[in-house]
Amino acid sequence: MPGTPALELRSVRRVYGAGPSATIALDDVAVTVAAGRFVSLIGPSGCGKSTLLRLVAGLERPDRGEVLVHGVTPAEACAAKLIGLVPQSPALLPWLSVLRNVTLPQKINRGAGGRRARLPGFTEREAAPSVAHTRDLLVRAGLGEVVHRVPAQLSGGMRQRVAIVRAFGLRPDLLVMDEPFSALDEFTRESLQDQLLDLWEELRTTVLFVTHSVTEAVRLSDTVVVMAPGPGRIVETVEIDLPRPRGERLLRERRFHAYEDLLRERLRRAWHGGGA
Ligand SMILES: Nc1ncnc2c1ncn2[C@@H]1O[C@H](COP(=O)(O)OP(=O)(O)OP(=O)(O)O)[C@@H](O)[C@H]1O
């Protein structure tokens, strides 16, 4: 629906357990993400990033407050395949080739278009991409030579690239990514960031991205949400006002480092229980 945020969390609270040993994983969390934005969550371990992702993906429900994806509940959004998820380690089907791993979910998901069209304010979107277009995405992600290989014949970085192309290929309205590059070496990580940005700039899917890397957050994001633990909460929202595309050269510029320093400073405060 025009004007409806892609994602909205209103006064969200999530508590695990009860009594004195209860953990307040999230308290009074409010986030609004406009369609097409790239938003990262960053914060110390235990500040509730994964909990927030699980609420958005409909895997858990808040104890208080509301989560809306394009104006509907996460359960409705999942049924209509509005949400795509890229986990930390790529869950590929080991017996299928790279190409089939990417195209099979697209075929399975065809029925979702009808459910999506019945949601308030949504119209039919473009059909699932053709195999030719999927191949093109794979080539652009540097996987053109390996489309007929099975996952066991790929490196870790290649497998994660397949998972990312698969997620974008499903044309979700909101793509949720949980530290997708955390297990990779720095060089592979930077090259995957390039490819992720390349795909995102073409498709402009709304992305909610969890990372522990300040550099990654600055490079990828329009907005970085800084969180603190005890209770899990948002302490700062930083808009990254840097031009795109954000190539390698930008990483060496003073204005890029200034954002890194700002975020590091905010994270230090979050670690020490400070914050806003
Ligand atoms: N199922 C659960 N039962 C009890 N406590 C939980 C559960 N899941 C999370 N927690 C607690 O909620 C808090 C937030 O956890 P969460 O995993 O969301 O943090 P995180 O920011 O993603 O951490 P990390 O960066 O280490 O992945 C932590 O104190 C954690 O111990």
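**Reading the features in turn**

Modeller: Glu179 is placed in the loop between strand 6 (174-178) and helix 7 (186-203). Helices (H or I, at least four residues) and strands (E, at least two) are DSSP runs, numbered from the N terminus. The model is predicted: local features need pLDDT of at least 70, side-chain atom pairs count only at pLDDT 80 or more, and totals for chains, interfaces and linings use all residues. Residues are numbered from 1 along each chain as its sequence is written.

Colleague: Is Glu179 buried or exposed?

Modeller: A residue is buried if 20 or more other C-beta atoms, placed from the backbone, lie within 10 Å of its own, exposed if 12 or fewer, and partly exposed in between. Glu179 counts as buried because it has 20 C-beta neighbours inside 10 Å. Glu179 also has a positive phi of about 45°, although it is not a glycine. Asp28, in strand 2 (residues 23-33), has a positive phi as well, near 50°. Asp28 is partly exposed, because 16 other C-beta atoms lie within 10 Å.

Colleague: How many helices and strands does the protein chain have, and what share of its residues count as buried?

Modeller: The secondary structure comes to nine helices and nine strands. Of the 276 residues of the protein chain, 38% count as buried. Two residues are in contact if their C-beta atoms, placed from the backbone, lie within 7 Å. Among contacts between residues at least 6 apart in sequence, 73% join residues at least 24 apart.

Colleague: Which residues of helix 7 are buried?

Modeller: An α-helix has 3.6 residues a turn, so residues three or four places apart point the same way. In helix 7 the buried residues are Leu192, Leu196, Leu199 and Trp200. They fall within an arc of 95° seen down the axis of helix 7, so they line one face of the helix; the arc is that of the directions from the helix axis to the C-beta atoms. The face turned away from the buried side carries the exposed residues Glu186, Phe187, Glu201 and Glu202. The cover over the buried residues of helix 7 includes strand 3, helix 5, helix 6, strand 7 (206-210) and helix 8.

Colleague: What span should helix 9 have?

Modeller: The expected span of a helix is 1.5 Å times one less than its number of residues. Helix 9 (residues 254-271) has 18 residues and should therefore span 26 Å; its end C-alpha atoms are 25 Å apart, which agrees. Its buried residues are Tyr259, Leu263, Arg266, Leu267 and Ala270. Seen down the axis of helix 9, these fall within an arc of 100°, so they line one face. On the face turned away from them are the exposed residues Arg254, Ala258, Asp261, Arg264, Glu265 and Arg268. Among the elements covering the buried residues of helix 9 are strand 3 (38-42), helix 8 (214-220), strand 8 (223-228) and strand 9 (233-239).

Colleague: At what angle do helix 5 and helix 6 pack?

Modeller: Two packed helices are described by the angle between their axes and the distance between the axes. Axes are lines fitted to C-alpha atoms, for helices over the stretch in contact, and angles run from 0 to 180 degrees between N-to-C directions. Helix 5 (residues 131-140) and helix 6 (residues 156-169) pack at about 145°, with their axes 10 Å apart. Thr134, Leu137 and Leu138 in helix 5 meet Val165, Phe168 and Gly169 in helix 6.

Colleague: Where is Arg161 placed, and which residues does it touch?

Modeller: Arg161 is in helix 6. It counts as buried because it has 26 C-beta neighbours inside 10 Å. Not counting residues up to four places away in sequence, Arg161 touches Ala141, Gly142, Leu143, Leu192 and Gln195.
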